[in-house]
Amino acid sequence: MPKGDWRRVVSLYLPLWPTDRIRKRLGTDAPAPDCPLVLAGREGRRRVILSVDLAARRLGLRPGTPVAKAQALHPDLLIMDADLDGDRTGLERLALWFQHRIAPIVAPDPPDGIVLDTTGADHLHGGESIMLENMVTRLKESGIAARAAIADTWGAAHALARYGRGRITLVPPGETAAAIADLPIEALRLPADIIDGLHGLGVSRIGPLAGMPRAPLALRFGPDVVRRLDQAFGRQAEAIVPVRLQAPVQVSRNFAEPISAAETIARYITKLVPPLCAGLEEREQGVRRLDLLLHRVDSHTEAVRVATAMPVRDVRRLTRLLCDRIETIDPGFGIERMVLTASLAEPILHRQGVSTLIEEEEADVSDLIDTLANRVGTQALYRFAPVESDVPERAVCRVPALAAEDGKEWPDHWPRPTRLLPRPEPIQTMAVLPDHPPVFFIWRGIRRRIRCADGPERVFGEWWKGDAELTTVRDYFRVEDTSGETFWVYRTGDGEHGETGSQGWFLHGLFE
């Protein structure tokens with residue numbers, strides 16, 4: 001068979017996938033890398049370990065170990081519940097990412113892998129070796145450990161990625177049998193009871209197993225052993241069903257005669273929205289982003305986009321949001337087709353309504369938020385949320401107006417100004433070092449004499465973000481001038497050691 005006719009399959013093995021995903025999701029709240037972390041779940045009636053990180057693996061813990069035994073041996077072990085549905089969803093998203101960049105046929109290989117059919121696509125990425133190296137490197141840069149193998153079959157690539165010796169394994173076309181002959185039989189994706197039975201016969205490697213008579217194997221262990229061998233050696237096809245995005249809900253309307261009047265456009269919008277909401281209801285989804293495309297007779301397309309703060313499928317609200325944007329549409333010589341697409345939809349979470357007479361119903365301001373956001377822009381409508389940081393300018397971030405509360409709060413052991421300046425502004429002052437507040441300060445050309453002050457509150461730099469912050473110190477003071485105005489000023493440095501800061505003074509906020 002010519003070399004160009006060989007099928008080439010890549011198997012990506014993510015050995016630490018669930019724990020990597022957990023650490024990445026937790027961010028700064030993640031446990032230290034040297035703290036052993038395991039994910040647990042139920043296997044029948046037993047609670048067992050499903051995934052381990054490197055630190056736990058060094059302790060000898062493996063998937064399948066009972067949780068009670070692991071806790072008895074290692075009391076400091078950090079145990080978290082596994083999120084199997086979340087892991088599966090994450091694999092599907094990762095498979096879609098590779099589908100857009102590497103090859104069109106990509107599928108998740110649960111619980112810890114991805115399979116790609118790269119036949120004829122490797123030359124687009126500089127060859128098979130460079131392609132695999134780039135894939136593994138990109139995953140590593142994203143905080144995901146990976147191993148990769150390419151072979152003629154899915155079974156062989158799967159086995160080599162998990163039981164091969166190298167981080168990257170390339171099997172030349174036609175050499176699959178020799179490449180996997182010395183691998184353990186666990187690489188064949190056989191059930192645990194069959195693996196135990198084969199070990200009882202003294203068979204531990206694929207090569208000797210492949211040389212055994214097929215009929216006795218099938219009679220004793222069923223068809224799985226023969227089927228997996230045939231798939232690994234390429235004697236039986238194994239289809240890769242590629243992951244696919246679900247098509248968005250879409251409705252359209254063609255016109256025999258072009259339309260242009262705003263009233264006519266509004267009337268057909270009211271006819272398109274109900275079937276769109278019906279389609280969303282079938283999927284139990286609500287729209288977050290809605291696109292209205294208007295195809296004009298001159299081949300130009302007008303587009304109107306509205307967004308919602310929460311998943312919505314209310315016909316009246318969506319119709320009003322679209323009709324509010326009609327004034328931005330230029331119909332030209334007429335519109336011959338309208339297409340309404342829910343370009344972003346999410347599941348709708350049902351909430352329990354008020355069930356007693358004494359409960360107060362929570363006000364729903366999402367309609368108001370949507371109206372304002374579509375008039376001034378979603379980027380212009382936000383609220384502030386706390387961030388876990390002692391550095392004042394880093395302790396706040398912008399989040400969507402209806403973003404869920406994360407339980408974090410601003411510290412209340414020291415008062416904070418109601419108005420924080422975008423950037424601290426330098427001031428001229430005089431103070432007795434190292435711990436005394438200023439006697440006066442000059443800000444924006446006005447000299448202010450201090451009547452009373454409170455402080456200092458010492459804030460240290462976040463040393464884990466950079467070497468420059470290892471010794472950084474700020475001393476904050478709350479000061480009140482003779483006119484009764486209150487300011488928040490600070491000195492960079494501890495007032496004694498030059499390496500802690502420039503010892504300059506800045507105004508950072510105002511108490512109003």
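Modeller: Let me begin with patches, which are made of residues with over 30% relative accessible area and no salt bridge, like charges being joined within 9 Å and nonpolar side chains (Val, Leu, Ile, Met, Phe, Trp, Tyr) within 5 Å. Accessible areas come from the Shrake-Rupley method with a 1.4 Å probe, and for residues only the protein chains shown count as cover. A salt bridge is a side-chain nitrogen of Lys or Arg within 4 Å of a carboxyl oxygen of Asp or Glu. This is a predicted model, in which local features need pLDDT of at least 70 and side-chain atom pairs count only at pLDDT 80 or more, while totals for chains, interfaces and linings use all residues. Residues are numbered from 1 along each chain as its sequence is written, and side-chain values use heavy atoms, with hydrogens and water left out.

Biologist: Which residues form a nonpolar patch on the surface?

Modeller: The patch consists of Tyr382, Phe384, Val396 and Trp410, which together have about 370 Å² of accessible area. Tryptophan 410 sits in the loop between β14 (396–400) and β15 (419–426), where helices (H or I, at least four residues) and strands (E, at least two) are DSSP runs numbered from the N terminus.

Biologist: How should I read the backbone angles?

Modeller: Most residues other than glycine have a negative phi, and most peptide bonds are trans. Here the peptide bond from proline 110 to proline 111 is cis, with omega near 5°, and proline 111 lies in the loop between β5 (105–109) and β6 (113–117). Another cis peptide bond joins glycine 455 and proline 456, with omega about 5°, and proline 456 belongs to strand β18 (residues 446–460).

Biologist: What is the phi of glutamate 284?

Modeller: Glutamate 284 has a positive phi, near 55°, and is found in the loop between α12 (262–282) and β10 (285–296).

Biologist: Which residues of the largest nonpolar core touch the most other members?

Modeller: A nonpolar core is a set of buried Ala, Val, Leu, Ile, Met, Phe, Trp, Tyr and Cys residues joined through side-chain atoms within 4.5 Å, and buried means under 20% relative accessible area, exposed over 50%, partly exposed in between (1.4 Å probe, protein chains only). In the largest core, which has 29 residues, Ile265, Leu322, Met338 and Leu340 touch the most other members. The largest share of this core, nine residues, is supplied by α12. Leucine 322 touches residues including Ile269, Val273 and Leu290, leaving aside those up to four places away in sequence, where contact means heavy atoms within 4.5 Å.

Biologist: And how do I read charged pairs?

Modeller: Side chains of opposite charge can pair when their charged atoms come close. A search of the whole structure finds 32 salt bridges. One of them joins the side chains of glutamate 346 and arginine 288 (3.4 Å, N to O); because glutamate 346 lies in strand β12 and arginine 288 in strand β10, this pair ties together parts that are 58 residues apart in sequence.

Biologist: Is arginine 444 buried or exposed?

Modeller: Arginine 444 is exposed, with a relative accessible area of 55%. Although it is not a glycine, arginine 444 has a positive phi of about 55°. Arginine 444 also forms a salt bridge with glutamate 425, their closest N and O atoms being 2.7 Å apart, and glutamate 425 counts as partly exposed at 22% relative accessibility.
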